[in-house]
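Morning, everyone. Please bring the model up on your screens, and we'll walk through it together.

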Amino acid sequence: MRIDLQPAYLLHSRKVSDSRLIVDFMTRDYGLLSAMARAPTKKQSPFALFRPVVISWLGNKELKTLTHHELAAVTMPVLQGQPLFCGFYLNELLIRLLNKGDGSTSLYEAYQYALLHLPSAVSPEPLLRCFERLLLDEAGFAIDWHCDITGCAIEPHYWYRLNPSAGFELINTQPLSQWCLDNRPPANTYEGDSILALASNQYHCASVQVAAKNIMRYLLASRLGGRALKSRELFASSLL
Amino acid sequence: MYSPLISQLIESLRILPGVGPKSAQRMALQLLERNQAGAKRLADALMLACEKVGRCATCRTLTEESQCSLCKSQKRDGSILCVVEMPADVFALEQSGTYSGKYFVLMGKLSPIDGIGPKELGLDLLLQKMLEPELQEIIVATNPTMEGEATAHYIAEMAKRNNITVSRIAHGVPLGGELEYIDGGTLAHALASRREI
Ligand SMILES: [Zn+2]
């Protein structure tokens, strides 16, 4: 099979010899792609992250042969500082959660949308949450955001516990103050309206942002199995 | 078609950068047929280096001493520290003959997918150095790749928290280069780091 001039983003590259690399791309129409590539000469554009490119490849096996690589004629804002760390986080998520060939055009577009808006976003959180939600769906880990595990609609003022393999489980229908002495919800327990806000990707409210972050961390951790995301270390405010 | 010992030698030579099966075979035969003495010297040098060479306790570069000669030198200015990715970058900067401070060698760059985070680059050791009163300024000389940029930003944030002046070496249009042939990303960088003349 031969594919010509497919829009893509490089997610990772690894040298296998002086003249060859294994490159992983998120492509627009073919999902995650791994290919063997020749190291670019001085006159060719180097393999760089977060820059839109067009690529061509050959092959039927999982590891393709890259035949062409050039910068796309689109300009993107340069990622620097925290937005750059977010970019590394997105790349690690894609590589860790997708199999070769997984990932739709909408996921490619969501990735591109995030790269485009991260540099100017007041907070990166809503962009990251939207992307994580879509990615989990596409990686085959969708959960129901509108109904609990018995099929009843999520109610805004009920409380639910998240079971990462099944979904949300109703644990209390009363306001928090009536069943929780210190007025703090137990671990991994969320109010219905936060879940519904996440369902519709509405993150303006600070309490929703906190709940969404916890829900996503919990879901991602259960999908990633034991091994934590390395790019999270970039966000630690202090090293020790 | 070669005996086991010769095959093993050919296979081992292939770990060298740029050495494919054909050149490995040529090297092995050359050593065995014409230069046994040289081959023994090579073997000894490899054995010794592998056994003795480790990391400098102060800057992490490769050395067989506990502290490398640059770190030990009294002539180097200890108030400035230049952070580079690899030992070869120290060599390159020394060749330029314009820098008289000390170095810190990361032995890589931040690359989360490869499992390389702040700890793997010894940034905890760099933080210790930032806490020493002697250190005033840090120059980050990581490569102009996205990974190099991320590494530079992380180090800059650490330095700022510790009230240390931090700068990044300029990169952009190479000396003798022509704008027409430079890619957009490099030009964008060069524009962003322009200076008054
Ligand atoms: Zn040293």
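Buried residues make up 31% of the 240 residues in chain A. Buried means 20 or more other C-beta atoms within 10 Å of a residue's own, with C-beta atoms placed from the backbone. A word on the source: this is a predicted model, where local features need pLDDT of at least 70, side-chain atom pairs count only at pLDDT 80 or more, and totals for chains, interfaces and linings use all residues. Residues are numbered from 1 along each chain as its sequence is written, while chains are lettered from A and ligands numbered from 1 in the order in which they are written.

Next, the cores. A nonpolar core is a set of buried Ala, Val, Leu, Ile, Met, Phe, Trp, Tyr and Cys residues joined through C-beta atoms within 7 Å. The largest has 67 residues. A:Phe25, A:Met26, A:Leu94, A:Tyr111 and B:Val83 touch the most other members. Helix α1 of chain A, residues 81-97, gives the most to this core: 9 residues. Helices here are DSSP runs of H or I, at least four residues, numbered from the N terminus. A second, separate core has 14 residues, including A:Tyr190 and A:Leu198.

Now a helix pair. How do α2(A) and α3(A) pack? Their angle is about 165 degrees, with axes 10 Å apart. Axes are lines fitted to C-alpha atoms over the stretch in contact, and angles run from 0 to 180 degrees between N-to-C directions. The two helices are therefore roughly antiparallel, a label for angles over 145 degrees.

How values were computed
A residue is buried if 20 or more other C-beta atoms lie within 10 Å of its own, exposed if 12 or fewer, and partly exposed in between; C-beta atoms are placed from the backbone. Angles under 35 degrees count as roughly parallel, over 145 as roughly antiparallel, 65 to 115 as roughly perpendicular and the rest as oblique.
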